[in-house]
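Hi,

Here is the structure I promised to pass on.

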Amino acid sequence: MKVAVIGSGGREHALVKKFYESPSVTEVVAIPGNYAMGGMAKVANDVDLDDFNAVAEVCDREAVEWAVIGPEAPLSEGLVDFLERQHDIKVFGPRKFEARLESSKAFSKAIMKKYDIPTAKYELFTDYDAAQEYLDQVGTPIVIKKDGLAAGKGVVVAMDEETAREALHDMMDGSEGQVVIEEYLEGEEFSLMVLVNEEFIYPFEVMAQDHKRAFDGDEGPNTGGMGAYAPVTHIPESARIEAVEKIVKPMTRAMMDEGLSYFGVMYLGAMVTEDGVKVIEFNARFGDPEAQVLLSLLKSDLGEVLEHMYTKKPFELEWKEGFVAGVMLASKGYPGDYEKGKAVNIPEVISTRSFVSGLSRTDAGTPVTSGGRVLLVCGHGATIEDALEEAYTGVAQVEYESEDLFHRSDIGQRAMK
């Protein structure tokens with residue numbers, strides 16, 4: 001089969017690599033892809049993902065059988081609907097209405113409340129003054145979430161009043177917008193990827209743990225993810241099972257009860273609290289950088305997995321032994337303002353276990369930064385310590401000016417406590 005991977009970041013790089021390694025896949029097309037995918041896929045780098053016709057044209061020209069959509073924006077804008085209904089292409093990813101599970105926090109919180117799915121208590125506000133009055137009543141710590149997509153950065157965990165007020169002002173632009181204000185939960189977080197076709201689901205046996213904050217010690221603003229590792233062995237298997245039974249299965253049933261047909265990845269960001277496992281967030285696609293780590297551990301043919309999910313045929317995933325850890329190199333200033341065009345040299349010895357998120361090439365062939373998150377360097381080992389050592393050794397081999405990039409030095413530390 002021919003598979004098109006739609007997107008250009010590290011998650012899509014990992015998907016391209018996995019499909020390239022899959023015996024059932026004869027060819028991979030990356031739309032628009034990035035330069036690092038060139039040895040594994042036919043890269044259509046001149047396509048704008050906002051131009052659905054251009055995306056479909058590449059899929060038609062290349063006789064693509066499957067399209068797998070990586071980023072959240074095309075999902076929320078209805079690219080799946082367009083490719084399925086107007087071009088008869090099988091697409092792995094939820095349609096526009098179903099993608100509201102991620103694109104609208106108001107929608108996802110409302111459906112969790114209606115069907116009694118455990119999550120943080122919350123209130124929804126469209127009026128700035130009312131939201132401010134509520135903040136004054138409940139105090140801090142508190143969590144403020146912008147309704148809509150924000151590339152993983154639309155959440156502020158406010159530990160003090162000043163931070164809460166500033167976040168509310170920014171998210172509502174002083175007077176407009178919609179926000180969810182929810183209670184602050186304490187506990188251990190984990191990410192669980194679930195493959196879903198209506199009532200037919202396959203939760204990954206392996207949990208991952210992301211690191212959202214920009215700086216060591218979980219300090220600084222939220223980002224799209226500064227590193228991840230898997231499996232998460234210090235969180236008991238009972239927590240994963242509880243998440244599946246009390247959250248994932250009820251949510252997939254709720255979607256069907258609401259007349260929605262979900263097909264794709266359902267990403268659960270969960271927290272183990274004193275009152276049990278609760279939902280932090282749902283996403284409608286693979287997490288990034290969790291996908292890079294999890295797909296590096298996956299042994300199964302991903303093309304076959306797509307077919308099994310499509311036909312609802314039971315299957316089992318196979319996983320490699322050991323651990324994979326990934327450390328993100330990011331542009332200085334991220335997730336705020338940052339400069340692009342900074343030279344980065346990736347030695348060949350680590351290129352096969354690195355995933356490009358924000359790099360492009362100059363006319364002379366030099367890789368330069370083109371985004372906030374730049375490169376995830378992964379390590380694989382028998383223990384989490386071995387995996388982290390290999391990842392950080394790889395980070396040290398990447399060549400760049402010290403003032404151009406930064407990374408966290410404490411990825412995976414919670415796994416070693």
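Bear in mind that this is a predicted model. Let me start with a helix pair: the axes of helix 1 (residues 10-20) and helix 10 come within 8 Å and cross at roughly 15°. An angle under 35 degrees counts as roughly parallel, so helix 1 is roughly parallel to helix 10. On the helix 1 side the contact is made by Gly-10, Arg-11, Ala-14, Leu-15 and Lys-18, and on the helix 10 side by Ala-291, Gln-292 and Leu-295. Sorted by class, the residues of this contact of helix 1 with helix 10 are four nonpolar, two polar and two charged. The crossing of helix 1 past helix 10 is left-handed.

Asp-288 and Pro-289 are joined by a cis peptide bond, with omega about 25°. Pro-289 sits in the loop between strand 17 (276-283) and helix 10 (290-297). There's another cis bond to find, from Ile-31 to Pro-32, with omega near -5°. Pro-32 is part of strand 2 (residues 27-32).

Next, helix 7 (residues 128-138) and helix 8 (residues 161-171). Their axes come within 11 Å and cross at roughly 165°. Angles over 145 degrees count as roughly antiparallel, so that is how helix 7 runs relative to helix 8. The crossing of helix 7 and helix 8 is right-handed. If you want to click through the contact, pick Tyr-128, Ala-131, Gln-132, Leu-135 and Asp-136 in helix 7, and Ala-164, Arg-165, Leu-168 and His-169 in helix 8. By class, that contact of helix 7 with helix 8 has five nonpolar, two polar and two charged residues.

Which residues of helix 4 are buried? In helix 4 (residues 79-87) they are Leu-79, Val-80, Asp-81, Phe-82 and Leu-83. The cover over those buried residues of helix 4 includes strand 1 (2-7), helix 2 (52-61), strand 4 (66-69), helix 3 (72-77) and strand 5 (90-92).

Helix 2, from that cover, also makes a helix pair with helix 4: their axes come within 10 Å and cross at roughly 50°. Helix 2 and helix 4 are therefore oblique to each other, and their crossing is right-handed. In the contact, Phe-52, Asn-53, Val-55, Ala-56 and Asp-60 of helix 2 meet Leu-79, Phe-82, Leu-83 and His-87 of helix 4. The residues of this contact of helix 2 with helix 4 divide into six nonpolar, two polar and one charged.

Asp-88 is in the loop between helix 4 and strand 5. Is Asp-88 buried or exposed? Asp-88 has a relative accessible area of 71%, and anything over 50% counts as exposed, so Asp-88 is exposed.

Lys-312 also has a positive phi, about 60°, although it is not a glycine. You'll find Lys-312 in the loop between helix 11 (302-311) and strand 18 (323-331). Lys-312 is partly exposed, with a relative accessible area of 28%.

Asp-257 belongs to helix 9 (residues 237-257) and is exposed, with a relative accessible area of 57%.

Finally, the whole chain. The protein chain has 13 helices and 23 strands. Its radius of gyration is 21 Å, close to the 22 Å that the globule rule gives for 417 residues, so the chain is as compact as a globular protein of that length. Taken along the principal axes, the C-alpha atoms fill a box of roughly 55 × 50 × 40 Å. Of the 417 residues, 57% count as buried. Among the contacts in the chain with a separation of 6 or more, residues 24 or more positions apart account for 69%.

Happy browsing, and talk soon!

Definitions and conventions:
Residues are numbered from 1 along each chain as its sequence is written. This is a predicted model: local features need pLDDT of at least 70, side-chain atom pairs count only at pLDDT 80 or more; totals for chains, interfaces and linings use all residues. Side-chain values use heavy atoms; hydrogens and water are left out. Axes are lines fitted to C-alpha atoms, for helices over the stretch in contact, and angles run from 0 to 180 degrees between N-to-C directions. Helices (H or I, at least four residues) and strands (E, at least two) are DSSP runs, numbered from the N terminus. Angles under 35 degrees count as roughly parallel, over 145 as roughly antiparallel, 65 to 115 as roughly perpendicular and the rest as oblique. A crossing is left-handed if the near helix is turned anticlockwise from the far one by less than a right angle, and right-handed if clockwise. Contact means heavy atoms within 4.5 Å. Ala, Val, Leu, Ile, Met, Phe, Trp, Tyr, Cys and Pro count as nonpolar, Asp, Glu, Lys and Arg as charged, and the others, Gly among them, as polar. Buried means under 20% relative accessible area, exposed over 50%, partly exposed in between (1.4 Å probe, protein chains only). The radius of gyration is taken over C-alpha atoms; the globule rule is 2.2 Å times the number of residues to the power 0.38.
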